[in-house]
Amino acid sequence: MEYTRLGASGLQVSRICLGMMSYGSSAWRDWVLDLDSARPLVRSAVDAGVIFFDTADMYSDGVSEEVTGTLLREFFGSRDDYVLASKVFNPMGPGPNDRGLSRKHVLASIDASLRRLGTDHVDLYQTHRWDPHTPIEETMEALHDVVRAGKARYIGASSMFAWQFAKAQHVAERNGWTRFVAMQDHYNLLYREEEREMHPLCLDQGVGVIPWSPLARGRLAKPPEERTTTRANSDVYARKMYGEADDAVVRALVDVAKARDLPMAQVALAWMLQKDALTAPIVGATKPGQIDDAIAAVDVTLTGDEVAALEAPYVPHPILGHE
């Protein structure tokens, strides 16, 4: 495993981040694994050198954080041995203040997340989406107070427009508050719109990029005719994000992977890891081989011709993943 700094911060993370959304309760999503089923997968990631783990309060309605906390305490001797990230924004109850990025919800949510995780701090606390109903000044000050209270070491953000991210950073800098060190955005071979503005902004500002859905919810792991997994068959969200026009990219990936005698997932992740803006893709895994592919991708270097072949069929998309 390789390690690198998260953006311009001093925080060292593994080049692969294990996404913990796949672990929690199948009552939330039918493909989610419970604690006992998740244990060997997380163990294999830890054994391979992964020290970066990402969850969110909304995943399995909080159960993902419980599973994450339990397993990381089992597998690491010290809290300082791993980097733990969680997120806030999505509804966690029926009340009008049980969602969003208001001061009330941010401060309540960090305490609830820490209780579920069984720790006194997260290393990276992220806004899960942009909140159009709360002044960004209110949100950034609340996040700064979370850091000042020692409940988070760093803060990050997830999918939004580049102008929104720049505004948040400006507000923080102007007031002497904590700035974001990471952007968790939607980015993969099928969706590269972040290359237009967000990634150049992050490179310029020293912000680490840790994309979600680096394998396009499994579409970059198998040829189109083999999409028969439980998640693929029930994932309505994915069908809204990717379509038949994207299959040309998948077939180019099939060709490059066959020529290199490598799994498609390894090639797709290797392509991403060679991008200058990228720190670590957030990889989900429900089968042992998926973790193996992610780890192996760190050591795969694609040629210029291979990269060109993978990128040539790309079809521009409308903005996806901000909702």
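Residues are numbered from 1 along each chain as its sequence is written. Because the model is predicted, local features need pLDDT of at least 70 and side-chain atom pairs count only at pLDDT 80 or more, whereas totals for chains, interfaces and linings use all residues, and side-chain values use heavy atoms, with hydrogens and water left out. Helices (H or I, at least four residues) and strands (E, at least two) are DSSP runs, numbered from the N terminus.

Eight strands form an open sheet in the order β9-β8-β7-β6-β5-β4-β3-β10, and the pairing is parallel; two strands are taken to pair if DSSP finds at least two bridges between them. The edge strands, each of which pairs on one side only, are β9 (208–209) and β10 (282–283). Within the sheet, strand β4 (residues 52–54) pairs with strand β5 (residues 83–88) in the parallel sense over three bridges, and Asp 54 stands opposite Ala 85 in β5. Strands of a sheet pair through backbone hydrogen bonds, either parallel or antiparallel.

Helix packing was described from axes, which are lines fitted to C-alpha atoms, for helices over the stretch in contact, with angles running from 0 to 180 degrees between N-to-C directions. Angles under 35 degrees count as roughly parallel, over 145 as roughly antiparallel, 65 to 115 as roughly perpendicular and the rest as oblique. The axes of helix α1 (residues 35–47) and helix α2 (residues 63–75) come within 10 Å and cross at roughly 50°, and α1 and α2 are therefore oblique to each other. The crossing of α1 past α2 is right-handed, a crossing being right-handed if the near helix is turned clockwise from the far one by less than a right angle, and left-handed if anticlockwise. In the contact (heavy atoms within 4.5 Å), Leu 35, Ala 38, Arg 39, Val 42, Arg 43 and Val 46 of α1 meet Val 67, Thr 70, Leu 71, Glu 74 and Phe 75 of α2. By class, this contact of α1 with α2 has seven nonpolar, one polar and three charged residues, where Ala, Val, Leu, Ile, Met, Phe, Trp, Tyr, Cys and Pro count as nonpolar, Asp, Glu, Lys and Arg as charged, and the others, Gly among them, as polar.

Helix α5 (residues 162–175) and helix α6 (residues 198–205) pack at an angle of about 25°, with their axes 9 Å apart, which makes α5 roughly parallel to α6. Their crossing is right-handed, and Ala 162, Phe 165 and Ala 166 in α5 meet Met 198, Leu 201 and Cys 202 in α6; the residues of this contact divide into six nonpolar, no polar and no charged.

Helices α9 (247–260) and α12 (304–311) pack at an angle of about 155°, with their axes 8 Å apart, and are therefore roughly antiparallel to each other. Val 249, Ala 252, Leu 253, Val 256 and Arg 260 of α9 make the contact with Glu 306, Ala 309 and Leu 310 of α12. Helix α10 (residues 264–273) is mostly covered, with 10 of its 10 residues buried, buried meaning under 20% relative accessible area, exposed over 50%, and partly exposed in between (1.4 Å probe, protein chains only). The buried residues of α10, including Trp 271, pack against α9, β10, α11 (288–297) and α12.

In the loop between β9 and α7 (230–234), Ala 216 has a phi near 50°, a positive value in a residue other than glycine, and at 0% relative accessibility Ala 216 counts as buried. Arg 217, which lies in the loop between β9 and α7, has a phi near 55°, a positive value in a residue other than glycine.
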